[in-house]
Amino acid sequence: MFPPFANEPYTDFSDPAHAAAYLEALAHVRRQLGSHRPLVIKGEKVDTGERLMSLNPAKPSEILGTVAAAAPAQADLALDAAWQAFPGWARRRAEDRAAVLVKLAAEMRRRKLEFAAWETLEASKNWTEAEADVAEAIDFCEYYARQALEFAKPLPIHAFPGEINQSWLQPLGAGVVLPPWNFPLAILVGMAAGPVAAGNTVVIKPSSYTPLVASVFMEAVESAGFPPGVINFLPGLGRAVGDYLVDHSRTRFINFTGSREVGVRITARAAQIHPGQQWLKRVFTELGGKDAVVIDETADLDAAIPAVVGSAFGYQGQKCSAASRLIVLAEVYAEVLERLVAAVKAIQVGPAEENYPVAAVISETQHKMILRDIEAGKREAQLVIGGRAVDRDGGYYLEPTVFAEVPPEARLAQHEIFGPVLAVIRAANFDEAVRIFNGTEYGLTGGLFSRDRDRLERAKREFNVGNLYLNRKITGALVGVQPFGGFKMSGSNAKAGGPDYLRLFLEMKTVSERV
Ligand code: NAP
């Protein structure tokens, strides 16, 4: 029915024509700034008395727009709408649901640079990072559309004399989608498209830092032709409406990606049964990381250094997969540190709109917290480069920062900072490197640079992370190619973009008929 899945290609912005197209997209988005955007419940636009303000992290005095903020009353309406839409959507043939998702992908592809430009302004992603995020969102729709067809096939069960036995997978119902701001389109779209492709309906509560990107996505949902109520849009503060949605007796499943703190809170709250609740909620929580790259004495440092720099400082280190620890074997420690510092010195910091490699971090709160972590880090290790705020237009800029001689148990090496801060740790030998690598409560991504085949094989067996990368950067998992999700406190290992993802939002029914 559909051509085979292929990842959406990236644009080369070194081509002047593509760069000009991006500038035009930014200008187009700038002309739309200052608007107010509604909730969407049952396909209808709803305003509330409250509003969320979206600020430009590169220039926080600039208000990009406002979005209506939901209260519990609207959360009730959104869940009602999702449940009303559920039977009709669930009964549709998988092919028909998949076709709507493919239309949604086409709509985002048509407006790809416009979506990316919104991300540049609202999330402070440079052109490449922003466009990659839109490409990933498109990939999720295309990939899950095809996976829905797989899950609709009859299940292989054995015959039994005198009976007709059948088992099939069916959707769960109405669920809540709680995405983070750092992939404001890709993660939001993936976490909604998976359940919806499987026949469920959803209420999306976007991050309060990136409600505009999410709201523009709802325009694409409308154009794609989803029946009213299948995808509802409920911006609002996590603390105001998030707990309410999580606790709600009519929430069938919760699909969350975000911090460890909120993920743990959601897991605990969702385990409580409330009056009228008829099920155990399914809860998926994809959380943070303290991701490490190991460099040994056999490694190709020409490849390793740029890969580490890209993994640590791409999107200002604000990726769950970002390298925040670099573990270096003693033989090459001095050389690696010297080359690393030289590479970091060359990184320019400036506005995402002007496509700087490192731009502003997301918020004032995050900016302050990272600076606080850097100050505390100075008591634990040697600050070798960076460490200061960069003053430009009041934006939330920070210098790319490297600490050396970080003790493996130090807070710098254990706590997720979620900013452009890299902790370099010395390991006496490879055994010690393995221990340090695994010595945090997280287990999301990680990598090894080595030319030693035995060590590469050991890393495959012993590095305890959900996504391991050998001799390459540790960020940028591709949908359908590198299913993504971690171990330990990094979450429930949902493996977004993987062949089992839709199964999470389905339950199996078995029918036996005596003949
Ligand atoms: P966050 O503060 O935990 O927020 C995530 C989402 O949860 C937001 O929509 C937030 O809404 C909402 N929320 C906040 N409090 C809530 C509550 N009590 N009940 C229900 N929802 C609530 O995380 P973040 O700062 O947006 O994202 C950064 C974190 O995400 C990092 O730790 C990063 O490692 C992790 N992450 C993990 C993955 C992965 O795949 N493992 C991918 C990306 C990011 P508000 O914005 O309104 O507070």
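Helix 13 (residues 430-438) lies across strand 12, strand 13, strand 18 (421-427) and strand 20 (445-449), and its direction runs at about 165 degrees to that of strand 13. Helices (H or I, at least four residues) and strands (E, at least two) are DSSP runs, numbered from the N terminus. Angles run from 0 to 180 degrees between N-to-C directions, with axes fitted as lines to C-alpha atoms, for helices over the stretch in contact; contact means heavy atoms within 4.5 Å. Helix 14 (residues 453-462) also packs on the sheet, where it touches strand 13, strand 20 and strand 21. The direction of helix 14 makes about 170 degrees with that of strand 21.

The model is predicted, with local features requiring pLDDT of at least 70 and side-chain atom pairs counting only at pLDDT 80 or more, while totals for chains, interfaces and linings use all residues. Residues are numbered from 1 along each chain as its sequence is written, and side-chain values use heavy atoms, leaving out hydrogens and water.

The sheet is open and has 7 strands in the order 14-17-18-13-12-20-21, with mixed pairing. Two strands pair if DSSP finds at least two bridges between them. Strand 14 (382-385) and strand 21 (467-470) are the edge strands, each pairing on one side only. From one strand to the next, the twist averages 20 degrees. Strand 12 (residues 291-295) and strand 13 (residues 323-329) run parallel and are joined by 5 bridges. Val-294 stands opposite Ile-327 of strand 13.

Two non-glycine residues with positive phi lie in loops, as tabulated here. Buried means under 20% relative accessible area, exposed over 50%, and partly exposed in between (1.4 Å probe, protein chains only).

On the surface, Met-53, Leu-55 and Ile-63 form a nonpolar patch with about 260 Å² of accessible area together. Patches are made of residues with over 30% relative accessible area and no salt bridge, like charges being joined within 9 Å and nonpolar side chains (Val, Leu, Ile, Met, Phe, Trp, Tyr) within 5 Å. A salt bridge is a side-chain nitrogen of Lys or Arg within 4 Å of a carboxyl oxygen of Asp or Glu. Accessible areas come from the Shrake-Rupley method with a 1.4 Å probe, and for residues only the protein chains shown count as cover. Leu-55 belongs to strand 4 (residues 51-56) and counts as partly exposed because its relative accessibility is 33%.
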